[in-house]
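Dear colleague,

Please find the structure below, together with its sequence.

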There are 2 protein chains.
Amino acid sequence: MSDEQELGITESKQYNTGEWYAEVVQKAGLANYGPEGMSGFIVTRPRAYALWERVQGFLDAKFKSTGVQNAYFPLFIPESYLEREKDVVEGFDPEVAWVTHAGHQELEERLAVRPTSESIIAPYMAQWVRSHRDLPMRVNQWASVVRWEATETKPFFRTKEFLWQEGHTAHATHDDAWEETMTRLEQYESVYEDLLAIPVLRGAKPEHDKFPGAHTTTTVEALMPDGKSVQGATSHHLGTSFAEAFDITYTDVDEESQATHTTSWGLSWRALGALIMTHSDDQGLVLPHTVAPEQVVVVPIWQADTQEKVLEYAESITEELEADGIRVELDDRDERNPGFKFNEWELKGVPVRFEIGPNEVDDDVVTVVHRPDGESKEVPREDIAETVRAEFDEVYAKLYATAEENLAENVREADSRADILGTIGQHGGYVKAPWCGDEDCEAEIKDQIAAEIVMVPLNDEEAEIHGGEECAVCGDDAEETAYFAKSY
Amino acid sequence: MSDEQELGITESKQYNTGEWYAEVVQKAGLANYGPEGMSGFIVTRPRAYALWERVQGFLDAKFKSTGVQNAYFPLFIPESYLEREKDVVEGFDPEVAWVTHAGHQELEERLAVRPTSESIIAPYMAQWVRSHRDLPMRVNQWASVVRWEATETKPFFRTKEFLWQEGHTAHATHDDAWEETMTRLEQYESVYEDLLAIPVLRGAKPEHDKFPGAHTTTTVEALMPDGKSVQGATSHHLGTSFAEAFDITYTDVDEESQATHTTSWGLSWRALGALIMTHSDDQGLVLPHTVAPEQVVVVPIWQADTQEKVLEYAESITEELEADGIRVELDDRDERNPGFKFNEWELKGVPVRFEIGPNEVDDDVVTVVHRPDGESKEVPREDIAETVRAEFDEVYAKLYATAEENLAENVREADSRADILGTIGQHGGYVKAPWCGDEDCEAEIKDQIAAEIVMVPLNDEEAEIHGGEECAVCGDDAEETAYFAKSY
């Protein structure tokens, strides 16, 4: 196989989204599939792990500036602990990986590899929280969890092990817990909108789809170009149900024992899946400068007689960008021609390319090319670091605008069962419809086209139901506005 | 139990080191023991995890500036993969936690929870390395690993699950791999000496104690105040043995296939154990400012009539330090007296305390107290942030000097078996002795006082054996200078 063939993306994003996605992930060097006997696991290669590190750094700084502390809890959870959390164990039981032996010994009690850690975090929080002075208590863990789902592997979207963070907090009042829930939801929104160039919708999950025992489950939802929604992250107001089950109580100012109000919230590497899926194209990966491992690639274009001056100019520019803290790569490989290099760096998702030939040197300029739209311009050599930051912002704005347009065009309204089915069937995207609140009405849609209610809006104005509206499915009085969509 | 009793350390570092250590870990809020049924596991509380984050941040920046990329490999390793690495599986077999079931299904092949990841990393590196242009390849992973040791738990020193990093690299030549091995060893040395205020010795493990198949295993060793050595981190030159076992080969410039020369290197949270053990005292934890979650605590001391002016002054100082990027805590709790606060922050290891009463306000000064020696001085209010940084350096220098003195006083020489046994028995510490290189001579010492050869120095001058020297144990010709010590 020649290098050229190896680099090219052969599948089409528009017509064959799943295969295209898998090909981008593999050819852009993001991930490999796990070993034989471990289908569903992936190896996260440095280029993808670097993306995760940027998501982690961005979010962790927000967490820390708002009172969150990181901690680390054991990887294993005794079966009896998982069982204390009955509702959850019902959910996870078929997906738990069980450690039954250590060395040559069988364990007395088998241990779950954590599918989520609240059943081991909650008992410790119960020990640590004693008085109202200990509240709020906020603990977060960055780790991997394992859920043995039998479905097809899709790197970052669906894997048996995935990286995530889970935060758990306890508060004195219901309102404090609600404020916490919304603080985290806003921070997740910011990850998508300010770091990944993906607009999201904020909403709440319908009653029947909440985290078991939760008062409210909130979500940010991102619309993929293929018309499916991705649940980007969730933030749960758990009320006092968790605190009561695990005895997370505190002594108030009057020396009375009170149950705390708790929250939990999590974001996984699915955010990387949404990033790759949203912006990339048939040339490969597309990344905003905020997360790109290389923000600029400098490609010198020379003939034998111009090599020296072109290289010298390209090197001085590279050094200037580096000194300014910009992640830049000078591709001065002798054995590759410029066309090959353009393709390779496009595949890898570098947002800005500098092309530098003898003309650029003579005119004291740089030719700047944007990924993904190929927009090209000459800019002065002077103040190049400042200029390139403006180019980054332009590229970011383009990526965001494209995604925003896709979202705006794909929120439609429907007022009947046929309309919901027809609209999603034809266009994908979100369909807003008045809904009675009954799970059965969602089930009817789900059975027919595998679309579900991904959220009800949190914005009061939008959520409001006007007198006399009827559920689009059953015709009973409507209680809420539901967003129906197919989802990842 | 009163708060005062809860805060006090009751064990003695000097006379009861093990119990004292466990008490400091617990009362300074660093870790709790794992749940019932999971002895050997610990819960790493935020104050300890923050220390780990600083170690990680310091080392990760060094790695990245020297060409290392992070990646993430699956938590599980198929048994057949572990078996390919025969020497290692012999070593880990009795310590492996096995996943045998997923959900309600028994797995066809059981999966090891990683005790270390080289057996899964190596096959992927073999795929990724093709040409000399791909070299050097450097991959690092930050993760937890599980080794089911039956010995007694000692938080951060001996736990069934621990946090660490493991780096794996491949190089074109033996010399490149040696340079890599030493680069990492120097970076580990820097973690101890420049971040944790602990001097270390650099050495190599004796032939029989090398990583299986390694060409050379290098180590940094730290001497604890109780006279035992801690293996602080290891860096292995693996030669071509690993590359040959896993087929990590490359095509050289002449299109010939060649085996790579590989290295691996790791540092675990044992570094936190060494940190706690080295500097702390009978009042609790002692930390250098480099890693302390709070670098300064400001304790205002007021009467009713001075409260307002004292608090205002304390707040303005706190704000000024914060604005300068110093981690500072103002302890303005009304319900606690200054003495209680002093004890609590001493227990928690804050390196610098500010005491601020009406006199300080009137004189426009601050009383500064160092942890651990209680040295106290008045400094001007002006330029307080600059002043406090100088105080940090002074405290750091004191901690380092104490540890260095302990090390210097506890490297002794011996030239006979009785001398080795007697010296270690009486003083602990290191005993340097000429050694023939035979494992049996170490075994004789080990059997009698559980001391072993922790290293042979890497420094050529020190390692050199002068003509005619004899092995202190058997009297045959000496080949090396061995450092005997008891170790953690």
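**Findings in the structure**

A:Asp476 is found in the loop of chain A that runs between helix H16 (460-463) and strand S23 (480-485). Please bear in mind throughout that this is a predicted model. A:Asp476 belongs to a patch of negative charge on the surface, where it gathers with A:Asp209, A:Asp438, A:Glu439, A:Asp440, A:Glu470, A:Asp477 and A:Glu479.

**The two chains**

How is chain B laid on chain A? A turn of 180 degrees, with a shift of 0.0 Å along the axis, places chain B on chain A with an RMSD of 0.0 Å. The two copies are therefore related as by a two-fold rotation axis. Both copies use the same surface, as 100% of the contact residues of chain B recur in chain A. Among the residues of chain B, B:Val99 comes closest to the rotation axis, with its C-alpha at 2.1 Å.

**Salt bridges**

Over all chains, the count comes to 56 salt bridges. One of the pairs is formed by A:Arg202 and A:Glu186, whose closest N and O atoms are 3.8 Å apart; this lies within the 4 Å cut-off for a salt bridge. A:Arg202 lies in strand S9 (residues 201-204) of chain A and A:Glu186 in helix H7 (residues 174-195) of chain A, so the pair ties together parts that are 16 residues apart in sequence.

**Backbone features**

In chain A, the peptide bond from A:Leu135 to A:Pro136 is cis, with omega near -5 degrees. A:Pro136 has its place in the loop between helix H6 (118-128) and strand S7 (137-146) of chain A. In chain B, a cis peptide bond joins B:Leu135 and B:Pro136, and its omega is about -10 degrees. B:Pro136 lies in the loop between helix H6 (118-128) and strand S7 (137-146) of chain B.

Another backbone feature concerns A:Phe156, which is not a glycine and yet has a positive phi of about 75 degrees. A:Phe156 is found in the loop between S7 and strand S8 (161-171) of chain A.

With kind regards

Definitions and conventions. Residues numbered from 1 in each chain as written. Chains lettered and ligands numbered in written order. Predicted model: local features only at pLDDT ≥ 70, side-chain atom pairs only at ≥ 80, totals over all residues. Heavy atoms only, no water. Patch = residues over 30% accessible without salt bridge, like charges linked within 9 Å, V, L, I, M, F, W, Y side chains within 5 Å. Areas by Shrake-Rupley, 256 points an atom, 1.4 Å probe, with all protein chains shown as cover. Salt bridge = Lys/Arg side-chain N within 4 Å of Asp/Glu carboxyl O. Lys, Arg positive; Asp, Glu negative; His and termini not counted. Charge placed at Lys NZ, Arg CZ, Asp CG, Glu CD. Helix = DSSP H or I, 4+ residues; strand = E, 2+ residues; numbered from the N terminus. Least-squares fit on C-alpha atoms with pLDDT ≥ 70 in both. Contact = heavy atoms within 4.5 Å.
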